[in-house]
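Please look over the sequence and the model before reading on.

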Amino acid sequence: GETPTAADAWWRAPAARARLLAIATERTPRYVYHLPTVRERARALKALRVVDRWHYAVKANTHPAILATLAAEGFAFECVSPGELDAVLASVPGDAPLLFTPNFAARSDFERALATRASITLDALYPLEHWGELFRGREIVLRLDLGRGLGHHEKVRTGGSGSKFGVPVEQLDAFLRLADAHGVTVRGLHAHLGSGILDAAHWGEVYGQLAALAERIGSVAFLNIGGGLGVPAHPGEAPLDLAALEAELRRVKTAYPHYALWMEPGRYLVADAGVLLARVTQTKGKGALRYLGVDTGMNSLIRPALYDAWHEIVNLTRLDEPATGLFQVVGPICESGDVLGSDRRLPEPVEGDVILIAQTGAYGKVMSSPYNLRGETEEVVLDD
Ligand code: LLP
């Protein structure tokens, strides 16, 4: 159940590396997803028996093979748009539970979600105030803002002042009166404070807070304490301690055994399963810096530009050669922010070398764009 460190990533195995080089020789840029890694992560989480239902946060990676793999591992699905609901309904046979957890969704989005089997999460008073008839006689989940946000970057913190998510606890009573007036039952409470969290204590705190609030409501049957489970980005960074997470959750469950516990991670399941392959196009020396150009950039992977996210970058063609210098790894997009990695120690690059950008299975392809009309980044799936 331990999270592997970058040193034992699947793509370093000689057979996987040879396969990736062949995939890149056909065409680049390409995302490649390794399903055994997804399964391994899914099983590590499912081993935490304290959690009664695991949902996969589909937004992290919507590839049909990933959805089907996680369904086979017994995951339910958390969706934030009608499009994500459609993707799950199309790729996943059977009746895995669905959550619809949107933010500032239009009335028509709720209408579409209500026509599926999804449980609906409300994160504002407005839907009940203005579209109460849609929800009459239904059970819903209420997303609360517990007053603070957490995560790897300011832009992924989803709680506290300045965040557009959730109903603040001060408005809980007003929400409950509104629900009552519209014949709506609050069956679940939800909180998700942010993304890329490595401290297990966080989920124990959220769970305890939601449980205490649920005691005031009476109709609550389950608590969804969100996702946000981080994966270490830098080599040497400590992984999330799953045993500590289990202990934190167990402590709260012992005090409040009458609520089912739900979680909804995205990144943890898929980030390390994906790599982005690109090829060297050109190099340039300019001032003190050396640039290594590859055939894709922020159009395929926006995380470095958007969050200053750090992704390991290796020259897969020359994995065993020593580094000869520091490189700015850049794409072909007409923006100065089109930098995939700064100051990277890499071997001397040659045009056509295959460059691998690691840990890009989550929030990679799904956040890609047609900018500069570079074309869609293909996705390839590997299985044993
Ligand atoms: N639940 C809710 C309500 C969410 O908003 C999210 C993510 C998740 C679950 C799953 O979070 P995860 O377990 O993947 O951290 N694009 C950013 C991350 C944004 C996350 C948005 N919400 C990034 O690349 O870091």
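## The shell around the ligand

The residues of the shell around the ligand comprise 8 nonpolar, 9 polar and 5 charged ones. The model that holds this shell is predicted. There are 22 residues around the ligand, and those that come nearest are A57, S195, G227, G266 and Y363.

Both domains take part: domain 1 (35-269) and domain 2 (271-382) each give at least three residues to the shell around the ligand. Among the helices, α10 (267-270) supplies at least two residues of the shell, and so does α11 (303-307).

## Lysine 59

UniProt, in an unreviewed entry, places the feature "modified residue: N6-(pyridoxal phosphate)lysine" at K59. In the model, K59 sits in the loop that runs between β2 (53-57) and α3 (64-72).

Leaving aside residues up to four places away in sequence, K59 touches V80, E84, G266 and V366. One of these contacts, G266, is also listed with the residues that come nearest to the ligand. K59 counts as partly exposed because it has 19 C-beta neighbours inside 10 Å, while a buried residue needs 20 or more.

## Cysteine 334

The "active site" feature in UniProt, again from an unreviewed entry, is listed at C334. This residue lies in the loop between β14 (325-330) and β15 (339-346).

Is C334 buried or exposed? C334 counts as exposed, because 9 C-beta neighbours lie inside 10 Å and the limit for an exposed residue is 12 or fewer.

Terms used
Residues are numbered from 1 along each chain as its sequence is written. This is a predicted model: local features need pLDDT of at least 70, side-chain atom pairs count only at pLDDT 80 or more; totals for chains, interfaces and linings use all residues. A residue is near a molecule or strand if its C-beta atom, placed from the backbone, lies within 6 Å of it. Helices (H or I, at least four residues) and strands (E, at least two) are DSSP runs, numbered from the N terminus. Ala, Val, Leu, Ile, Met, Phe, Trp, Tyr, Cys and Pro count as nonpolar, Asp, Glu, Lys and Arg as charged, and the others, Gly among them, as polar. Domain bounds come from an automatic or database domain assignment. UniProt positions are given in the numbering used here, feature names are shortened, and annotations may be inferred rather than shown by experiment. Two residues are in contact if their C-beta atoms, placed from the backbone, lie within 7 Å.
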